[in-house]
Amino acid sequence: MRRLLVILLTLVYVLGAIGQEIDKSVIYEVKILEKLVKDITKKKRPYVYFVGLKRQKVSVILKLSTLRQAVNIDKADFIFLKNRKRKFYAYKPTLALDFSSLRHCKYCIGVFSWKNGRPILILFQENLNKFRIVLPKEYDYFIESRMINVGKR
Amino acid sequence: MGKYFSTLIVVISLFFSITYGEETILSLMKKYEEESVLFKKTKEESLGHVIIFTRKDIENMQAYTLADILRLVPISNFLPNKYGVETLANPGRPLTVPFIYRLYIDDHEVSSIHTYSPFLTYDRYPLDHINHIEIYFSAGAISVSNEPSQMIIKMYTKLPSRENTTKIRGTLDSKKSYTLSFFNAKRLNDSSCILVSFSKSYFKFPEISINNQTLHRNQFRKNLFLKYRYLDTTVEFSAVDVKRGGFTGNSADKSPDFSNIYSLDSYLSVKQDFNDNTKIVFSYDYQKRKYKERNKSSEGGIFIPNIYNFFNPPVYYYEDLNFHKFAFALDKKIKKGKNALLLGAFLRYYIQDVAKNEYANSLGLYDLKTAFRVKNFYIGSFYVENSYNIDEKKLVIAGLKYDKFKFYGQKSKDRVNVRIGFIAFANHSIMLKSFLSHYYVLPSMLLIESSKDKKLDSMESTVFSSEVKYIFGNNEIRFFYSYYNVQDIISFDKNSGYYVNTNKSGNFHEYGFFFKRKINQVTSFELNYWITDVGKDRYSPERGGYVRFAQEFGKLNIYSDVLYKGSYKPYGKKINETFNLRISVGYKLPSDFYLKITGENLLNNSEKIIYRDIFGNNYIYSSNYRKIILTVEKVF
């Protein structure tokens with residue numbers, strides 16, 4: 001029993017130490033992405049595909065979460081989109097990580113980025129419906145109509 | 001066994017709450033925002049005792065200019081000097097052109113090349129592009145790329161990648177001051193981002209009537225700030241142009257017939273960050289000053305050191321000066337185990353060039369272009385600061401800075417500044433932070449030009465400061481104490497009419513008390529009271545404080561503060577205590593429009609100061625109007 005306690009405490013300490021090495025804000029950023037993907041796909045370890053993200057960012061997301069990288073877009077349960085300068089057809093649930101990508105992605109389910117100095121998450125009702133995504137009630141605060149938001153941001 | 005089992009359950013729940021704890025998306029977003037705040041990345045504990053005005057504070061306070069923040073700086077007074085420039089001053093000290101404050105925009109120091117005072121150009125600097133402000137009580141701080149000082153004010157600009165907005169603001173007040181501002185900042189792609197901010201303002205201040213003349217210190221200003229970042233390289237350009245009334249100026253009767261000041265500050269800086277905690281900054285500053293004053297000889301003329309003659313005083317004075325500053329700074333942090341070593345160096349070269357300088361008395365016009373000026377000045381500095389963690393709760397900081405400098409017309413000199421600090425956490429709720437510094441404050445170019453032998457020695461200062469912070473629940477109590485000993489004080493000698501090293505020493509003690517309570521996520525309260533032992537018979541208040549309160553109700557936010565300054569007795573004349581009440585209300589309208597209203601000096605009892613002419617007459621001046629400020633903001 002004592003050994004178990006020691007092991008558990010050590011594990012807590014080690015995980016805490018890892019957390020200290022990495023910027024806490026990055027940890028929360030990844031937690032948000034991970035939670036969103038899991039709640040949308042309803043899978044414990046979903047496959048995600050990254051379009052336009054830097055390799056360094058991808059490895060941080062994979063390191064700090066239980067998400068798995070899909071080998072190609074067809075194998076993915078979810079797509080993250082960034083730095084897109086031309087049209088992107090989202091035929092799978094896709095989240096834009098900046099506003100310029102959102103402008104080029106008509107069927108993105110939403111955007112997670114920064115605006116006016118604050119992090120912002122907006123999910124579009126119309127596109128959630130398109131992919132038949134039903135999210136828990138806690139997301140209601142973030143769900144809006146795309147008709148109001150898109151284009152201007 | 002039962003005991004072990006319950007312990008195991010507790011530990012397992014703790015483990016899961018840390019690693020896999022289910023949090024709602026809303027709470028994660030809030031934590032992400034809290035952890036991302038910029039001041040957590042920019043704050044430097046080793047610089048000294050810090051007070052931070054966060055972005056939220058600045059927004060809630062509806063603080064649109066630097067003056068709206070500086071008025072609240074504890075253990076200081078913020079009042080207009082004889083030129084009408086709102087200036088920080090130590091308690092009890094006269095309102096002069098101070099040389100002990102340094103102002104930064106990001107990593108660039110913008111204090112005046114000529115006087116070291118930043119306030120002539122930056123007193124009403126707009127905050128549209130400023131994210132947060134850090135105020136360091138940093139007497140003798142080592143790890144800075146500027147000449148030794150008492151206080152450092154750091155304004156950090158917004159991160160364009162976090163903005164992605166365009167903002168237009170219009171502000172108008174009941175005394176017809178106005179500001180129009182434009183702000184745009186956005187991320188261009190993963191590697192680059194840009195920020196542009198431009199504003200135009202007119203500020204109207206209370207006038208004073210002396211000798212049947214109405215004197216004003218109103219100012220017109222234009223500000224432009226640009227920032228471009230590509231990977232780890234940041235380029236900044238700033239230009240600030242201010243025209244203002246010269247107020248009581250240098251006229252002997254404190255009532256010039258005409259006085260006007262023009263100042264232009266501009267700079268270009270390039271900063272390169274490297275992955276291994278190394279930073280290099282190159283910069284070039286250009287500053288321009290024009291000053292014009294007229295006063296009749298029957299009213300005592302204009303007091304100009306070196307020239308003034310009571311029987312035939314100057315009646316006209318004009319100067320047009322250009323200043324250039326080339327600066328290079330490098331610092332590197334090396335972290336190894338319990339040790340963090342900071343190595344740094346900077347080199348600065350200042351040039352003064354006189355475009356025009358003349359005066360007139362009853363006999364004619366005289367050219368002063370050949371009069372003594374500090375044509376150039378350089379300072380090179382090397383510093384090393386080591387922070388050692390004795391254990392998890394105790395940190396010792398020791399630093400040394402070697403300055404080598406040379407003023408035009410003098411031999412080069414060198415000085416060594418030293419500082420030790422100690423930061424300790426008694427437990428999770430009590431923190432102690434103390435510093436002992438020994439440093440030399442250099443005179444400004446202006447002071448040397450206004451001295452008898454055109455040379456002044458640096459002022460040797462020894463300062464001990466300490467604070468104790470106690471956090472319980474949502475409350476924070478902080479006690480602050482500091483002791484100053486300054487040798488060979490530089491001050492104005494009334495008999496000779498020059499600045500001199502007085503060979504006198506000065507000692508004073510400061511005490512501050514702070515109480516902060518975060519009542520809930522949207523309500524906060526803060527109280528401050530400070531006192532010094534300089535006595536009441538001085539030139540500015542020796543005690544003060546404030547009460548601040550902020551609350552949000554959905555789209556509505558309310559902020560209020562009362563700024564208190566104690567009574568004092570300059571020149572034997574009593575000035576009663578003052579209470580300056582400010583209330584701000586902001587409301588978010590549809591389509592990202594914001595309507596904001598602020599009432600300033602609502603009790604019509606703002607800070608007061610006395611101006612005295614050379615004939616011994618005193619004039620009391622109330623520094624702020626009672627007024628209502630209306631702001632409309634649109635975010636795109």
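Let's start with a pair of strands in chain B of this predicted model. Strand E21 (residues 394-407) of chain B and strand E22 (residues 413-425) of chain B run antiparallel, and twelve bridges join them. If you want to find a facing pair, look for B:Val396, which stands opposite B:Phe422 in E22(B). The two strands form a hairpin with five residues between them. In that turn sits B:Gly409, whose phi is positive, at about 85°.

E22(B) has a partner in strand E23 (residues 430-441) of chain B as well. These two also run antiparallel, this time with eight bridges. Here B:Ile423 faces B:Lys433 in E23(B), and the hairpin made by E22(B) and E23(B) has four residues between its strands. What holds such neighbours together? Strands of a sheet pair through backbone hydrogen bonds, either parallel or antiparallel.

For the complex, the predictor gives an ipTM of 0.84 and a pTM of 0.89. Chain B has a mean pLDDT of 90, with 97% of its residues at 70 or more. Where pLDDT is low, the predicted coordinates should not be read in detail.

Chain B is split into domain 1 (1-36) and domain 2 (37-635). How far apart are the C-alpha centres of domain 1 of chain B and domain 2 of chain B? They lie 45 Å apart.

Now for an open sheet of five strands in chain B, with the order E1-E6-E7-E4-E5 and mixed pairing. Its edge strands are E1 (49-53) and E5 (108-109) of chain B, each of which pairs on one side only. Further in, strand E4 (residues 101-105) of chain B and strand E7 (residues 151-157) of chain B run parallel and are joined by five bridges. Across that pair, B:Leu103 stands opposite B:Ile153 in E7(B).

B:Ile153 comes up again in the largest nonpolar core, which has 58 residues. Which members of this core touch the most others? The answer is B:Ile152 and B:Ile153. Not counting residues up to four places away in sequence, B:Ile153 touches B:Tyr101, B:Leu103, B:Tyr104, B:Ile133 and B:Ile135. Apart from this core lies another, of 36 residues, and among them are A:Phe50, A:Phe80, A:Leu121 and A:Leu123.

**Over to chain A**

Chain A contains six helices and seven strands. Reading from the N terminus, its elements go α-α-β-α-β-β-β-α-β-β-α-β-α. Of its 153 residues, 29% are buried. If you take the contacts in chain A with a separation of 6 or more, 37% of them are between residues 24 or more positions apart.

A:Asn116 isn't a glycine, yet it has a positive phi of about 55°. You'll find A:Asn116 in the loop between strand E5 (110-115) and strand E6 (118-124) of chain A. A:Arg132 also has a positive phi, near 55°, and is a residue other than glycine. Look for A:Arg132 in the loop between helix H5 (125-130) and strand E7 (143-144) of chain A.

| Residue | C-beta neighbours inside 10 Å | Counts as |
|---|---|---|
| A:Asn116 | 15 neighbours inside 10 Å | partly exposed |
| A:Arg132 | 7 neighbours inside 10 Å | exposed |
| B:His509 | 13 neighbours inside 10 Å | partly exposed |

Why does A:Arg132 count as exposed? A residue is exposed if 12 or fewer other C-beta atoms lie within 10 Å of its own, and A:Arg132 has 7 such neighbours, so it counts as exposed.

B:His509 belongs to strand E28 (residues 506-520) of chain B. Setting aside neighbours within four places in sequence, B:His509 is in contact with B:Tyr483, B:Thr532 and B:Asp533. And where is B:Ile58 from there? B:His509 and B:Ile58 are 451 residues apart in sequence and 30 Å apart in space, C-alpha to C-alpha.

Key. Residues numbered from 1 in each chain as written. Chains lettered and ligands numbered in written order. Predicted model: local features only at pLDDT ≥ 70, side-chain atom pairs only at ≥ 80, totals over all residues. pLDDT = per-residue confidence, 0-100. Domains from an automatic or database assignment. Pairing = 2+ DSSP bridges. Buried ≥ 20, exposed ≤ 12 C-beta atoms within 10 Å, placed from the backbone. Contact = placed C-beta atoms within 7 Å. Core = buried A, V, L, I, M, F, W, Y, C linked by C-beta atoms within 7 Å.
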